[in-house]
Structures are given as C-alpha cells and as structure tokens.
Amino acid sequence: MDTDIAPTTTRATAPAGDVAGRLDTLTAWMSTQGLLPANGELVAQRMAGGQSNPSWRLQSGSRQWVLRAKPAPAAQLLPSAHAIEREYRVLRALQDTDVPVPRVQALCEDEAVIGVAFYVMDFVPGRVFADPALPGVATDARAAYYDAAARTLAALHRVDWRERGLLDFGRHEGYFSRLVRRWSQQYQATRERPVPAMERLMDWLPAHIPAEADGEAATCITHGDFRMENLMFHPERPEVVAVLDWELSTLGHPLGDLAYNALAWHMPAGILRGLADLNLPALGIPSESEYLAAYCRHSGRDPAALGLGWPFYLAFNLFRLAAILQGIGQRERAGTAANATARQIADLAPAVAGWGWAIAQGQQPDFRP
C-alpha cells in the first residue's frame, strides 16, 4: 500500500464525522491517549469502501493508524446500529489469539472530538480482495486463499469467549430466535414498502430453527460479516493478517457465521460479490462443498453435522442480508450512507430476500433481473 498521505486542512466548521475537518481536536485527543506528542502533526485520508462505518487512514511521521467512526451522531442512528464500541471490545479480546486482528489503541465515545464516536487501531499493510474471484491472484493459488479464510473462521470459532472476558458480549442461547426478531424489526423499521419474500421468511424462519441450534452448547464468537472483502491478506502469500469490520460480531452459532460466509456461492457476480454464476473450476476457486469441508477440517467439525439444517442457515442469512441492505437504503435516503453505491446495493434487498425464500422452499434462486 502507498504510505504517502497528502496533508489536509482544518476547516473552521466541519460536519460530524469529518475527520479531515476536525484534525485539531483529533490531534489533541490522540495526544491525551499517548499516541502523539503534544506538538504532534497528523494527516488524514478517507479510505475507500465500507457501507456502514467510514474509515480514515491517519499518519504522523512513520506511524500509521486507521480510525473507524460511526456515520452520524448516535441520536441520528437506529438503536444498536453501527456498534463500533462492540468492534473495539471484541478486537481487544482477540489480541494475541490465533485470530489475526489489528491492534486497537483507543476508543472515543465523546462526540465532541469529531462529532461521532470512533476508535483508533494500528494500520496493517496487505491485500484486500473486493472481488471473491480473486483477480490478480494466479489461478493455481486461489484455492490456498480460500483455505486460509476457512482456517481463520475456524480459529475464531475455537476461541474461548469466557476466558476472553466476553461473558456479557451476547446471550448464550436463543441466538436464531433473537436475531430473526431483531432483523424483522430492522426490516419493518426501514422498509419503504412491503417485500413479500421478507414477510414469508418472517413466518417461516422461527418455525424451522434446527434442533439445538438455539442452545448454549455450540455458542462461540461470531464475526457476523465474514467474507473475502473483510479479510486482509499478506502482500505476497495466502495468509490472513487481519480480519476487519467486526460491527456485527456477537456470541452466536458457528453455522450461522459459516453460512453467511458461504452466501457467495448462492449469489451472482457483480455488486453483491457472488460466485454462483461463475465457472469455479476454471477460476481455481473451490466449490461450496469443498470450502465447507475445509472449514470442517480446520475446526474439527463433522461435515455430516451440517445436515438438513443447512438450507435454514442460508435462508436466515439471506433474510438478514436483505434487512441490512434495507438499512443501507434508509441511510442513503437520510444522506448518511458511507458508500457512493449505497442506493444501487439497497435496491437489491427484495431480490436477496427472494433468493432466501427460494432456498427455504428447496428451490434454486433465480438470478434473472
């Protein structure tokens, strides 16, 4: 990554969350945290990507950090949305485990500093692949990148969350029942008009939770948005050096997390970064079953344990994704979306819900417009 950042100028008045416009107060705060000397200078550059929490790259001399911020003041956001405080907490808990994460430095919940809550973590150099087809990687090397992703997710699910001080990071049981309610409420709070597939899934999902899936026995730390785009790889080899974007992390069920990761095999290429309509053997990318086998191998899980419940886990995650996309649409209408493609992405919510309903009915999703 290029390490040169052009200096920015501080404006007298800047919108909430505009780091470049509030460098004076941010610099002062970082000095109080021991990250900068009292007379330190700071430059900032907005980082591309991200539909939820905007990120800024900070530099002072040879030191670099990343600042993750809420997209707006708390009073303008849905309750529990954009939970960077949870990101910060789980990142701290995962320091020095087998899960590669950036080292976090400080959390600021005082909106007087830059207008929104934020945290600062160390900058990690590496490669991020927005496209799961991994362009720029040799065909015969792509499978190794997927194996590294499966290994990393398995490592996360093995972390002892009790030992890491996360007893109150989420409830220990009732995961799917609770999240079906949560995302149903999110959908209802953000919809412009009813989406028939969402309405059907709201009824179907609670009645089809697999046996024991809501129990405590399988509870683990879940990432909630584990996909290629949220993994930082070593610049030169298939090794995950940092897992990013922990806003949706909680205590949950490993197969819920795994199924979300597997959605790429059930969505088309394009803006949703799917693989379903690509020639995977020609690309050197594993099939879904091969990827799931790799996860099971790294986690010690019996592949047969995926069983008949797999359609539920996929349908649940497509329902959840559709609700998330609708939330992006609401932020776009309110002018607080963090990405220029927000409207285009949000418009796919009905289609995503339709794919989930198809899978729930034992059918193949129809990707035609």
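Does Asn317 count as buried or exposed, and at what relative accessibility?

Analyst: Asn317 counts as buried, at 1% relative accessibility; buried means under 20% relative accessible area, exposed over 50%, and partly exposed in between, with a 1.4 Å probe and protein chains only. The model is predicted, so that local features need pLDDT of at least 70 and side-chain atom pairs count only at pLDDT 80 or more, while totals for chains, interfaces and linings use all residues. Residues are numbered from 1 along each chain as its sequence is written, and side-chain values use heavy atoms, with hydrogens and water left out.

Asn317 has its place in helix H9. Helices (H or I, at least four residues) and strands (E, at least two) are DSSP runs, numbered from the N terminus. When residues up to four places away in sequence are not counted, Asn317 touches Gly256, Ala259, Tyr260 and Leu263; contact means heavy atoms within 4.5 Å.

Two packed helices are described by the angle between their axes and the distance between the axes. Axes are lines fitted to C-alpha atoms, for helices over the stretch in contact, and angles run from 0 to 180 degrees between N-to-C directions.

The axes of H3 and H6 (residues 254–262) come within 11 Å and cross at roughly 160 degrees. H3 and H6 are therefore roughly antiparallel to each other; angles under 35 degrees count as roughly parallel, over 145 as roughly antiparallel, 65 to 115 as roughly perpendicular and the rest as oblique. The crossing of H3 and H6 is right-handed. A crossing is right-handed if the near helix is turned clockwise from the far one by less than a right angle, and left-handed if anticlockwise. On the H3 side, Leu153, Leu156 and His157 make the contact, and on the H6 side Pro254, Asp257, Leu258 and Asn261. By class, this contact of H3 with H6 has four nonpolar, two polar and one charged residues. Ala, Val, Leu, Ile, Met, Phe, Trp, Tyr, Cys and Pro count as nonpolar, Asp, Glu, Lys and Arg as charged, and the others, Gly among them, as polar.

H3 (residues 142–158) also packs with helix H8 (residues 288–299), at an angle of about 45 degrees and with the axes 8 Å apart. That angle makes H3 oblique to H8, and their crossing is right-handed. From H3, Tyr146, Asp147, Ala149, Ala150, Arg151, Leu153, Ala154, His157 and Arg158 meet Tyr291, Ala294, Tyr295, Arg297, His298 and Ser299 of H8. The residues in this contact of H3 with H8 divide into eight nonpolar, three polar and four charged.

Val159 is buried, with a relative accessible area of 10%. Leaving aside residues up to four places away in sequence, Val159 touches Leu94, Val99, Arg164 and Ile221.

H9, the helix that holds Asn317, has a further partner in helix H11 (residues 349–360): the axes of H9 and H11 come within 8 Å and cross at roughly 165 degrees. H9 and H11 are therefore roughly antiparallel to each other, and H9 passes H11 in a left-handed crossing. Pro311, Leu314, Ala315, Leu318, Leu321, Ala322, Leu325 and Gln326 in H9 meet Ala349, Val352, Ala353, Trp355, Gly356, Ile359 and Ala360 in H11. This contact of H9 with H11 has 13 nonpolar, two polar and no charged residues.
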